[in-house]
Amino acid sequence: MNHYEDTLSNEKQQELLEKYDPEAGTRKLIGVSGWIVFIGLLSFSLFHLYTGIFGMLTAQLQRSVHLGFALALIFLLFPARKKNRGKEHKVAWYDGILALLAVIIGAYWPLFIDDLVLRAGNVTTLDFYVGLAAILLVLEATRRAVGLPITIIAIIFMIYALYGPYMPGFIAHRGLQLDRLVQTMFFTTEGILGTPLGVSSTFIFLFLLFGAFLVKTGVGQYFNDLAIAIAGRNTGGPAKVAIFSSALQGTISGSSVANVVTSGSFTIPMMKKLGYKKEFAGAVEASASTGGQLMPPIMGAAAFLMVEFIGGISYWEIAKAAAIPAVLYFIGIWIMTHFEAKRMGLRGLTKEEMPNRKEVLKKLYLLLPIISVIFLLMSGMSVIRAALWSIVITVAVSAIRKETRIGFKGMVEALVDGARSALGVAAATAAAGIIVGVVTKTGLGLKMANGLIDLAGGALLPTLFLTMIAALILGMGSPTTANYVITSTIAAPAIILLGVPDLPAHLFVFYFGIIADITPPVALAAFAASAISGGEPFKTGVNSSRLAISAFIIPYMFVLSPELLMINTTWTYLLWVVFTAVIGMISIGAGVIGFWQRKMYWMERITAIAAGLCLIYPENLSDIIGLLLFFILFALQIFYKRDGITKVQKD
């Protein structure tokens, strides 16, 4: 059997993306309108390459031009109604008008910057209507390109800003006049043109371009081949291939759904063919693909926002801190799929089903761009320069072999694809800026943080639990970027007020914003995986959450023990923490799956989970208790298995 058999067609992959990923549901434009959009996308990328190479414009100019490009292209590409996505081949007349208005909005700051700076704080009638139009266009563009949840949240925040005096006492404020709100939203760097859009218009865009160039080299398919070559022959090989390839795919995809569709179209059919149940096959891919955003060196877009939100920290420090938790996350999924494969007696791939290892190893050079990013960031180079040099290295590396060579046409396509992938991020960050602006002007963040602490009785663990629930709810259908902005301005301050350092607090909300993609009832990554596997969506989501149980534990670990993030620690202590965490993952994985060396009794499963939790909690006494329970359980598993006692296996 050829290992490419049963891979989903490109058409089917696109259909799934359009169904589960709002950012993928664009018009299929032809003719003049198609050329206009093509030139617009290409110009969008060239603008960012120019400013990246020769220096960014002032904040207002860089962000407003970025916003103008993004809004205009969204109205040209995304139809107003979801049911028309992927079907329309021309731009509706009203969308042409909206796109023209977006161009005017984007050009307003560059054209009148001297006057706007001189009369800072004083809004003219023309300013007011331009600012109001900017708010409305951002909301509509966000609804189309990102989805309804974040749009509704932004509207609710603006209503709160306007009608503060009528709100409940614990969150009430004086309220803002409409002209004051408009001035804040568009004529300061505290609203739409705030930090989130600033990060989108600099760091994020260039790394999305880098990802697009990587895709053009065929590195995505190479990740699958490399994963098979490494893990394909193992017990439950196809599932481990999915985990490994999805972790690698996360370096070029900032979307859980896109990761599922890209690698899942290959791995899920392979898992089903070798005996995995539909829901479990989909769950493996969904949980692994979601973790791709947690994997350095290129994490989800929200990680770049963290650089600005925390302040005084480099992106490399964030990526370095996230490394061990990300590895533990994938180890947790790996362990559970291994035990499930053993429980079901599933084999790995045969030699005939494997790709030619020599051919795979010949293309190891395709990993050089990713390695170069790590090296450049470690050397202290700025994120922008690291992204630019990585693009150059990708083009150079692609030229080594004819089949990976990008060429001029490929470079143009990469520039267009990179700009297209940035549209949803730009809309989400602009809408997030509205939320941040309201929080800043009304003091809502501190009020909500204090309210959260009061609700939790001033204790850290209940506060963390409530923050987790808030992040999971906000993440239902919302992009990680917007989720992180909201939780980092409202919930993270509550954790920080209780003495937790900034980085663990922000990574805590970042994690749960991402895990929302596989947490029912709205688990978009799991639903996309179920569409490929043919399994029941909700059941796939439940299985995904079960497999990713480590993701619900790891954030608590690094908040309680920041040493896991390599903060103020020694290598000796760090190795001990990682060792106990991995042993704890094994114990919890066995308990959740119900199989270790053999099938486990319920009492054994409960004990295994308890032992795992003790090992994961960073405290000497709990580690000793956990290790004792772990080795007692392990001895029982081996003893009963060797003595031929098979009653448990027959149950």
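Predicted model: local features only at pLDDT ≥ 70, side-chain atom pairs only at ≥ 80, totals over all residues.
User: What is the mean pLDDT of the protein chain, and over which residues is the pLDDT below 50?
Analyst: pLDDT is the predictor's confidence in each residue, from 0 to 100. Its mean over the protein chain is 86, and 93% of the residues reach 70 or more. Beyond near neighbours in sequence, residues 1-5 have 13 contacts (heavy atoms within 4.5 Å) in the model, and residues 643-651 have 10. The pLDDT is below 50 over residues 1-5 and over residues 643-651.

User: Which secondary structure does the protein chain have, and what is its radius of gyration?
Analyst: Helices (H or I, at least four residues) and strands (E, at least two) are DSSP runs, numbered from the N terminus. The protein chain has 30 helices and zero strands.

User: What percentage of the residues in the protein chain is buried?
Analyst: Buried means under 20% relative accessible area, exposed over 50%, and partly exposed in between (1.4 Å probe, protein chains only). Of the 651 residues in the protein chain, the buried ones make up 59%.

User: Is Thr-487 buried or exposed, and which residues does it contact?
Analyst: Thr-487 lies in helix α21, residues 480-490. Its relative accessible area is 1%, so Thr-487 is buried. Leaving aside neighbours within four places in sequence, Thr-487 is in contact with Ala-471, Leu-474, Ala-492, Pro-493 and Val-509.

User: Where is His-338, and how many Å separate it from Lys-240, C-alpha to C-alpha?
Analyst: His-338 belongs to helix α14, residues 315-344, and is partly exposed because its relative accessible area is 24%. Not counting residues up to four places away in sequence, His-338 touches Thr-235 and Lys-240. His-338 and Lys-240 are 98 residues apart in sequence, while their C-alpha atoms are separated by 7.9 Å.

User: Which residues does a cis peptide bond join?
Analyst: Most residues other than glycine have a negative phi, and most peptide bonds are trans. Pro-297 is found in the loop between α12 (278-291) and α13 (301-310). With omega at about 10°, the cis bond joins Pro-296 and Pro-297.

User: What are the phi values and relative accessibilities of Met-566 and Asn-568?
Analyst: Met-566 is found in the loop between α26 (549-560) and α27 (571-593), and Asn-568 also has its place in the loop between α26 and α27. Neither is a glycine, yet phi is positive, about 60° for Met-566 and near 50° for Asn-568. Met-566 counts as partly exposed at 25% relative accessibility, and Asn-568 counts as exposed at 76%.

Key. Residues numbered from 1 in each chain as written. Heavy atoms only, no water.
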